[in-house]
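Reader: I have the model open. How do I start reading it, one feature at a time?

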Amino acid sequence: MENSRRKFIKQSAVFAAATYAGTMGMSAKSYGRIIGANDRVRVGVVGFSDRFKDTLLPCFLNHNKELNFDIVGLSDLWSYRRDLGINHLKEKFGHDIKACRNNDELYAMKDLDAVIISTADFQHALHTIEAVKANCDAYVEKPFAETMDDAKAALKAVKATDRIVQIGSQRRSGENYANAAKYIQDGKFGPITAVDLVWNVNQPGRWRRPDLVAKLKEEDIDWKRFLLNRPSEAFDPRKYLEYRLFWPYSSGMPGQWMSHQIDTVHWFTGLKHPRSVVANGGIYTWKDGRRNWDSMVAVFDYGLPNSEDGFQVTFTSRMQNSVGDVGEVYYSNGGELNLITNKVSPKGGLRQQEAAAMGMKANLLPEFDLSKTEIKAATGANMGGDGLTSGHMRNWMECVRSRKTPNAPVEAGYSHSIANIMTNAAVRTGAKSIFDEAKQEVIANGKVFKY
């Protein structure tokens with residue numbers, strides 16, 4: 001009798017879990033991975049970068065006490081930054097942090113639940129593979145991947161698990177961007193006719209680390225481990241610390257900046273990648289030995305395959321004059337959706353005078369405010385970081401507990417990587433790049449683009 005009762009309770013629990021998982025859009029396997037509300041989530045840090053120290057960590061600290069998350073270990077190849085990171089984290093959390101010389105040591109830790117990855121651009125996809133294979137959830141900085149081989153391998157690895165992976169495309173956690181997505185997807189904006197993406201700065205020191213470069217010695221790091229699957233190259237402290245300036249460790253402007261903005265195009269439209277990309281630019285001002293351009297314009301053709309309908313997207317970026325600032329502006333025949341001002345307006349729309357001349361009616365969008373409700377960093381005060389990233393970090397942390405799909409899942413990273421790689425292929429070859437849908441490869445000059 002007792003055995004029958006226990007069997008019934010066990011079967012009922014399994015059935016309840018499966019029913020709940022189905023209701024929440026999760027598998028029973030994923031439900032089984034939900035961490036109890038009273039269980040502390042143990043997080044490791046992969047790379048003590050400026051991005052982690054100045055933004056990701058403050059955003060994590062906005063929410064970790066409320067959601068019961070803790071940082072327990074840090075991996076960094078360079079002894080100097082590893083020591084800095086350990087001391088910084090001890091001060092923030094008030095307890096010891098495990099210092100790891102590499103990711104093998106980090107994943108050897110017992111009961112590690114999740115990691116925050118903010119390493120060199122070309123390493124993100126490969127470090128994601130390591131994380132999910134170690135049964136860890138991951139917050140992964142963008143760009144997700146800089147080659148299609150890495151992108152495909154990482155996508156496959158993540159999809160083979162039930163790990164929660166959040167790509168660092170924090171616009172997806174912004175109220176204004178969510179409002180823009182809904183406005184466009186509800187058909188209120190009309191067909192998109194063009195998009196301007198702009199990212200201009202005037203910063204000679206952007207991505208430069210001269211003080212740190214002077215400190216770094218080859219014996220202090222594992223240079224071979226840093227290179228991972230990139231071609232062998234002699235040790236160079238600039239490529240280790242200023243990697244954003246040097247292909248094939250980073251594509252520079254496309255991977256660092258455009259990946260944020262082109263992701264909004266994919267999100268708002270449901271399109272997964274451009275049909276083609278051309279680009280032009282050069283190193284016009286900051287002639288400091290860099291390989292990646294300091295000014296560029298890329299032009300994208302978007303639309304369904306084999307369709308005459310579509311629209312053009314431009315990405316303009318320069319590093320020697322900041323006029324134009326940073327932002328995204330969408331255009332339709334009826335006006336603009338401006339994510340710099342967070343306003344929809346009839347600006348540029350079809351006016352009565354011009355419409356009447358062709359026997360048409362005016363087409364002018366009504367004014368609409370995209371920022372009626374601003375994203376909150378936490379239930380309490382925002383202690384650091386920016387609102388978008390804080391909300392994005394919180395979304396990941398909540399999804400680690402609930403096992404729900406985060407705002408920027410791995411598919412979002414895969415899509416922005418295609419656009420980045422197509423752009424970089426156009427930059428490196430001077431040719432128009434296209435995407436082979438069947439083979440999932442970027443093609444330029446009739447050849448698969450690698451490096």
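**A buried glycine**

Author: Take glycine 168: at 0% relative accessibility, this residue counts as buried. Buried means under 20% relative accessible area, exposed means over 50%, and partly exposed is in between (1.4 Å probe, protein chains only). One caution: this is a predicted model, where local features need pLDDT of at least 70, side-chain atom pairs count only at pLDDT 80 or more, and totals for chains, interfaces and linings use all residues. Residues are numbered from 1 along each chain as its sequence is written, and side-chain values use heavy atoms, with hydrogens and water left out.

Reader: Which residues does glycine 168 touch?

Author: Contact means heavy atoms within 4.5 Å. Leaving out residues up to four places away in sequence, glycine 168 touches Tyr139, Val140, Glu141, Lys142, His260 and His392. Take valine 140: it is 28 residues from glycine 168 in sequence, yet 5.7 Å away in space, C-alpha to C-alpha.

Reader: Now the whole protein. What share of its 451 residues is buried?

Author: Buried residues make up 55% of them. The protein has 16 helices and 17 strands. Look at the contacts between residues at least 6 apart in sequence: 72% join residues at least 24 apart.

Reader: How do I read a sheet?

Author: Strands of a sheet pair through backbone hydrogen bonds, either parallel or antiparallel. Two strands pair if DSSP finds at least two bridges between them. Here, six strands form an open sheet with parallel pairing, in the order S3-S2-S1-S4-S5-S6. Strands S3 (98–100) and S6 (165–167) are at the edges; each has a single partner strand, so one side of each lacks a neighbour in the sheet. From one strand to the next, the twist averages 20 degrees.

Reader: How many bridges join S1 and S4?

Author: Four: S1 (residues 41–46) and S4 (residues 114–117) pair in the parallel sense. Valine 46 has isoleucine 117 in S4 as its bridge partner.

Reader: Which strands does helix H7 lie across?

Author: H7 (residues 124–133) lies across S1, S4, S5 (137–140) and S6, running at about 175 degrees to S4. Axes are lines fitted to C-alpha atoms, for helices over the stretch in contact, and angles run from 0 to 180 degrees between N-to-C directions.

Reader: What is the strand order in the sheet of 11 strands?

Author: Read S14-S13-S12-S11-S7-S10-S9-S8-S15-S16-S17; this sheet is open, with mixed pairing. Its edge strands, S14 (368–369) and S17 (447–448), each pair on one side only. Inspect S9 (residues 295–302) and S10 (residues 311–318), which pair in the antiparallel sense over eight bridges. Tyrosine 302 has phenylalanine 311 in S10 as its bridge partner.

Reader: How many residues are between S11 and S12 in their hairpin?

Author: Two. S11 (residues 326–332) and S12 (residues 335–338) pair in the antiparallel sense over four bridges. S12 also forms a hairpin with S13, with four residues between them. In that turn, asparagine 342 has a positive phi of about 60 degrees. Leucine 337 stands opposite valine 344 in S13.

**Crossing helices**

Reader: At what angle do H9 and H13 cross?

Author: Roughly 45 degrees, and the axes of H9 (residues 175–185) and H13 (residues 253–269) come within 8 Å. Angles under 35 degrees count as roughly parallel, over 145 as roughly antiparallel, 65 to 115 as roughly perpendicular and the rest as oblique. H9 and H13 are therefore oblique to each other.

Reader: Which residues of H9 and H13 meet?

Author: Tyr177, Ala178, Ala180, Ala181, Ile184 and Gln185 in H9 meet Thr264, Trp267 and Phe268 in H13. By class, this contact has seven nonpolar, two polar and no charged residues. Ala, Val, Leu, Ile, Met, Phe, Trp, Tyr, Cys and Pro count as nonpolar, Asp, Glu, Lys and Arg as charged, and the others, Gly among them, as polar.

Reader: How does H13 meet H16?

Author: The axes of H13 and H16 (residues 410–429) come within 9 Å and cross at roughly 120 degrees. That pair is therefore oblique too. Residues in contact include Met258 and Ile262 in H13, and Ala419 and Thr423 in H16. The contact divides into five nonpolar, seven polar and one charged residue. H16 also lies across S8 (276–282), S9, S15 (433–436) and S16 (441–444), running at about 50 degrees to S8.
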